[in-house]
Amino acid sequence: MNKIEREDLLTYRFLSNPTESPDQKKLCFVVSHCDKEENRYCSNLWIYDKASGKAPFQLTAQDKEGSFLWDDDDTILFPAIRLEADKKRVEAKEIFTSFYRISIHGGEAKKAFELPLSVQKLEKIKDGLYVVMAGVDMQYPDYHLMTKEEKEAVSKEKKENADYEVLDEIPFWINGGSFIQKTRTGLFLFDEKNGSVTRITSPSFNTGVYEAAGDRIYFSGETFETEPTYKDNLYYYDLNDGKIVPVDESRTYSISNLFWIKDRLILLASDNNSYGINENARFYELKEDGSLISLFAPYDNAIYSSIGSDCRYGHSMPHKVYGDTLYFVTTIRNASHLYALHADGQITPVIEKEGSIDGFAIAGDTLYAIGMYDGRLEELYEMPVAGGNLAAVTSFNTDALKDKYVAEFEKMTIQGATTDIDGWVLKPIDYDPAKTYPAVLEIHGGPKTVYGEVFYHEMQCLASEGYFVFFCNPEGSDGRGDAFADIRGKYGTIDYDSIMLFTDAVLKKYPQIDPKRVAVTGGSYGGFMTNWIIGHTNRFACAATQRSISNWISMYGISDIGTMFSIDQQGQDLLDGTDKLWWHSPLKYIANMTTPTLFIHSNEDYRCPISEGIQLYTALVHKGVPARMCYFKGENHELSRSGKPLHRLRRLQEITEWILKYTK
């Protein structure tokens, strides 16, 4: 068998956003891949018409079509900048989004219309009428109504002020998106027949989610001036008279989604009172009087997939309504499945298979799923809605792994600090039980995510380099209900204990691992835990900490989720003092640290800002501990998952060479 190499990443294909046509006969989905020469991702639309008896075929070829909607049974609508004149307008900082139409039966895409908005989402609610979510700059709230000359004046003013940011609210920036000072997400109507754009929400209103239902558009969100509460009000917009009607202005719930099912509005929401901001959302039904929200169907697992992998690209909806049934992806233990919420409140499984379901759609009597199963990369699968087995429709990634060593998952369940803990071990290539090997402990982010039996390029590369790779889901992970995931105020205690207990169990079960040649790595929460580990034990030969947290006090003020996350997860506000925030900060334990450590951070990571890594890196160097900082420009918190291809390869090179240096 051949090794999996770092550059094999460039051969992988990533699938996303399976969406059925209005007539429920055809499917459109996105296929993406890495382009090494241009150091970017290429995405195109594909069509599958099962009734035709033909294989899925590629519809677009510009390599820039990553989002779309069905305009009718045979036509796709997608945003694009294709005309040279439009490219110049973009360079001039004009705000607009142009849409193209293309027939699935062939022919060139033609420009359909453009909106004077930075469109985030477009949805057709009736012929010629669309609901639009778009970014709103509160300094120019009526930009969409401005003349050409007025827009040119705005562009000139923005260029003149490009070197300045004046802040008076938080959060003032967002991961990878630079400054968001005085910007909101607004809701609009677009009438293609006359080209009119009508504002629904006020300039200071930040829209959460919406759902079109007959002559109403229900939507959630809040108005704020300096800091959001992250609790939503609920309204509806009447298409007949253009009025907004309050439904619930109590700001009781954080609303994740809205669904219209047979004249009933269902909310996916949480009050966050029992388990904080990470509390799983639940289903609620809006009562007939419109004044109260009552519990509809309790469910104690995440209603999305939180299975980690570095082999995805693009977005898919985790829940959709078909008829009187709401289908949703849910994370259970170490896998994500597809479940159905029926009109009578019953919840039943639809797809239960170890692995990850990354997107789904129903067309006619067939259910389609994009999944990562059986140690394979993503493919499109199908099965009868009535039930049956999943069958692969595509083979995009068959050749990518052909004759390659893909390490199998060897599951271990141990007793953790407070309960049982699941984990896995991957054996190295050409494994010989008579030999000894180095190993790498991987720690996931979140902490409310999970590892599962899903292909991970980074781990498979390490296994092909001759390493045992092991990883687990300690307390704080997803998939086992709110109580298991709740480690507020406990960071570095029961989670650390469980990870160390799992490490002990792996070394005991696999004596072929040399305990003096074990490395540790992780990103985000996994980076925090890596930092914590090197301050509490010197058992690891080296560490690679990525996009990490080292100081909860500084994290509070500079992260795009700083005040919200730090207060919620550590239980202390700076106004109350800093003792607890500092106790949970890895930097506090610098005197104990002797482990050679690699730091990987990105300068546009505003989730775990680069200053978090620099603080600990500086302290280690000053102390004389071997340390190395790899600083990625133009990247953010998503470097390992959707960073530029060449940057992802360099990241893997840095990690591998650092670990090789201290373990081989």
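Colleague: Which residues does serine 155 touch, leaving out residues up to four places away in sequence?

Modeller: Ala92, Lys93 and Glu94, where contact means heavy atoms within 4.5 Å. This is a predicted model, in which local features need pLDDT of at least 70, side-chain atom pairs count only at pLDDT 80 or more, and totals for chains, interfaces and linings use all residues. Residues are numbered from 1 along each chain as its sequence is written, and side-chain values use heavy atoms, with hydrogens and water left out.

Colleague: How do you know whether serine 155 is buried or exposed?

Modeller: Its relative accessibility is 8%. Buried means under 20% relative accessible area, exposed over 50%, and partly exposed in between, with a 1.4 Å probe and protein chains only, so serine 155 is buried. It sits in helix H2, residues 148–160; a helix is a DSSP run (H or I) of at least four residues, a strand (E) one of at least two, both numbered from the N terminus. Alanine 92 is 63 residues away in sequence, yet 6.8 Å from serine 155, C-alpha to C-alpha.

Colleague: What makes lysine 404 and aspartate 8 a polar contact?

Modeller: Their side chains are joined at 3.1 Å. A polar contact is a pair of N or O atoms within 3.5 Å; within protein, one must be able to donate a hydrogen and the other to accept it, and residues adjacent in sequence count only if both atoms are side-chain atoms. So 3.1 Å is inside the cut-off. Lysine 404 also has Met1, Asn2, Lys3 and Ile4 among its contacts beyond four places in sequence.

Colleague: And why is lysine 404 called buried, lying in the loop between strands E29 and E30?

Modeller: Because its relative accessible area is 17%, it falls in the buried class.

Colleague: How do you know how many disulfides there are?

Modeller: The structure holds 0. Cysteine 472 is in none, and the nearest cysteine sulfur, in cysteine 542, is 18 Å away. A disulfide needs a pair of cysteine sulfur atoms within 2.5 Å. For cysteine 630 the closest cysteine sulfur is again in cysteine 542, at 15 Å, so that is too far for a bond. Cysteine 472 is buried at 4%, and cysteine 630 at 9%.
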